[in-house]
Amino acid sequence: MAAAHADPGPSAKELKTQATKLADQLEQLTEQYNGLKVKLQQSQRAAKVATDNAKRQEEALRGIRERVGALAATSYMQGGSDPTVSFVASQDPQAVLDQAATLNYFATQDSTRVLGLMQTMQAAQRARKAAETRAQQVTQLRAQLDVQRKKVTQLYEKIRGQLVKKDPSELGKLPVIGTGKAAQALRYAMTKIGRPYVWGAAGPTTFDCSGLTMWAYKQVGINLPHYTGSQWNAGTRVSESELQPGDLVFFHSDLHHMGMYVGDGKMLHAPHTGDVVKIAPMAGRPFAGGVRVA
């Protein structure tokens, strides 16, 4: 009986096609996410304006309450119930406004100022609730979209990991997730996968660790020094959980090795003499910190 052969799985070409489609989907999700971020900021600003307006109306109501205090006392002693007094003196004026009799009273009486305040307050409260509701809806949409982004990112990273094993040279042809100069610099660096490590080299064909990052960022107009210690101070520090594609990552207490963050806990780096530019896991290395240059 012939021995069964293990399924070789998808080819490098098939993996690359899958990864490219996922990258495109991720870019779409990212732009939708960015769009919702803008809408959330707009909704939050609208909610603040509406809340401030409602507070101003409440301040006006307090002022009128003070002025009609005597009227409220007189009405109480006479055993009557003036809707104007009830509205102004109530701790829950909206409940008073919801009564049809009160609305009818204001419509037929010469209580212009109180009626105007009532209408303004109602409008302010409606605007505030609508703005707060919009902000909550956008927040929920962003959360749902973020879950989708994470799922697609994980799948993309998984397929890219499979491609690393099949044919590492294909990685340089894959899209780099993200926008901005950091992602662009990483795209340039990815084209150097497989190029040899040479101490003191900074491209375009051979590199050491800081030479690779210096060369990549130079392609997008950012000049970095050819020294890990100086590049450590070239941007904003970020934690490992905050890393984004293109961020610089440093290792060891003396910062003698570095690379560029790729995603999914992996980095692109020029390791050491006898090796080549490659993607490798960051796990197991003494991580010193991350730096965001752009």
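**Close-up views of a predicted model**

**Figure 1. The side chain of T228 meets the backbone of L255.** A polar atom of the T228 side chain is placed 2.7 Å from the backbone oxygen of L255. The model shown here and in the following views is predicted. T228 belongs to helix 9, and its relative accessible area is 8%, so it is buried. Beyond the residues up to four places away in sequence, T228 touches C209, S210, F250, L255, H256 and M258.

**Figure 2. L255 and H252 are found in the loop between strand 2 and strand 3.** L255 has a phi near 60 degrees, which is a positive value in a residue other than glycine. The phi of H252, likewise a residue other than glycine, is positive and near 75 degrees. H252, at 28% relative accessibility, counts as partly exposed.

**Figure 3. Helix 8 is largely enclosed by the rest of the structure.** Helix 8 covers residues 209-218, and nine of its ten residues are buried, which is why the helix is described as largely enclosed. The buried residues are C209, S210, G211, L212, T213, M214, W215, A216 and Y217. Which elements do these residues pack against? Their partners are helix 7 (180-190), helix 9 (228-231), strand 2 (248-251), strand 3 (257-263) and strand 4. In the loop between helix 7 and helix 8 lies P204. The peptide bond that leads from G203 to P204 is cis, with omega near 5 degrees.

**Figure 4. The side chains of H269 and H257 are joined by a polar contact.** The distance of this contact is 2.7 Å. H269 is part of strand 4, which comprises residues 266-269. With a relative accessibility of 2%, H269 counts as buried. Neighbours within four places in sequence aside, H269 is in contact with L212, H257, M258, G259, V276, V277, K278, A280 and R285.

**Figure 5. The second largest pocket has H257 among the residues closest to its centre.** The volume of this pocket is about 260 Å³. Its lining consists of 17 residues, of which Y197, C209, H256, H257 and P271 are the closest to the centre. What classes of residue make up the lining of the second largest pocket? Seven of the lining residues are nonpolar, eight are polar and two are charged. Rolling a probe the size of a water molecule over the atoms shows where empty space is left.

**Figure 6. K21 lies in helix 1.** Helix 1 spans residues 12-67. K21 has a relative accessible area of 61%; because exposed means over 50%, K21 is classed as exposed. K21 and Y156 are separated by 135 residues in sequence, while their C-alpha atoms are 9.1 Å apart in space.

**Figure 7. The whole chain provides the setting for the close-up views.** The chain contains nine helices and six strands. Of its 294 residues, 40% are buried. Its accessible surface comes to about 16,500 Å², and carbon and sulfur atoms account for 53% of that area. When contacts between residues at least 6 apart in sequence are considered, 60% of them join residues at least 24 apart.

Conventions: Residues are numbered from 1 along each chain as its sequence is written. This is a predicted model: local features need pLDDT of at least 70, side-chain atom pairs count only at pLDDT 80 or more; totals for chains, interfaces and linings use all residues. Side-chain values use heavy atoms; hydrogens and water are left out. Helices (H or I, at least four residues) and strands (E, at least two) are DSSP runs, numbered from the N terminus. Buried means under 20% relative accessible area, exposed over 50%, partly exposed in between (1.4 Å probe, protein chains only). A polar contact is a pair of N or O atoms within 3.5 Å; within protein, one must be able to donate a hydrogen and the other to accept it, and residues adjacent in sequence count only if both atoms are side-chain atoms. Contact means heavy atoms within 4.5 Å. On a 1 Å grid over the protein atoms alone, a cavity is a set of points where a 1.4 Å probe fits but cannot get out, and a pocket is an open set with protein on both sides within 12 Å along at least five of seven lines; lining residues have an atom within 4 Å of a point. Grid points are joined across faces, edges and corners, and a volume is the space filled by probe spheres set on the points. Ala, Val, Leu, Ile, Met, Phe, Trp, Tyr, Cys and Pro count as nonpolar, Asp, Glu, Lys and Arg as charged, and the others, Gly among them, as polar. Accessible areas come from the Shrake-Rupley method with a 1.4 Å probe; for residues, only the protein chains shown count as cover.
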